[in-house]
Amino acid sequence: MSIAYRMLKDFWQTALATWLILVLFELLRPGMVQRFINLEYWLYSLIVLYIILRIVDR
């Protein structure tokens with residue numbers, strides 16, 4: 001495995017965990033996260049990152 005692939009995969013896992021934590025915060029206190037970050041944009045960027053990971057994995 002290349003270093004770039006390992007870094008991208010580690011970033012993917014970190015970003016996914018961060019997104020899940022932000023969603024949890026939003027569920028606990030509605031409006032808390034939306035003031036700082038729009039969760040939809042996070043999800044779209046994670047989907048794009050996942051697609052890139054799949055392409056690099058081939």
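**Questions about a predicted model**

Modeller: Tyr-41, Leu-43, Tyr-44, Ile-47, Tyr-50, Ile-51 and Ile-55 together form a nonpolar patch on the surface, with about 720 Å² of accessible area. This is a predicted model, in which local features need pLDDT of at least 70 and side-chain atom pairs count only at pLDDT 80 or more, while totals for chains, interfaces and linings use all residues. Residues are numbered from 1 along each chain as its sequence is written, and side-chain values use heavy atoms, with hydrogens and water left out.

Biologist: Why is Met-32 called partly exposed?

Modeller: Buried means under 20% relative accessible area and exposed over 50%, with partly exposed in between (1.4 Å probe, protein chains only); Met-32 has 28%, and is therefore partly exposed. Met-32 lies in the loop between H1 and H2, and, not counting residues up to four places away in sequence, touches Phe-25 and Glu-26, where contact means heavy atoms within 4.5 Å.

Biologist: Which residues of H1 are buried, and what covers them?

Modeller: The buried residues of H1 are Tyr-5, Leu-8, Trp-12, Ala-15, Trp-19, Leu-22 and Glu-26, and their cover includes helix H2 (39-57).

How values were computed. Helices (H or I, at least four residues) and strands (E, at least two) are DSSP runs, numbered from the N terminus. Patches are made of residues with over 30% relative accessible area and no salt bridge: like charges are joined within 9 Å, nonpolar side chains (Val, Leu, Ile, Met, Phe, Trp, Tyr) within 5 Å. Accessible areas come from the Shrake-Rupley method with a 1.4 Å probe; for residues, only the protein chains shown count as cover. A salt bridge is a side-chain nitrogen of Lys or Arg within 4 Å of a carboxyl oxygen of Asp or Glu.
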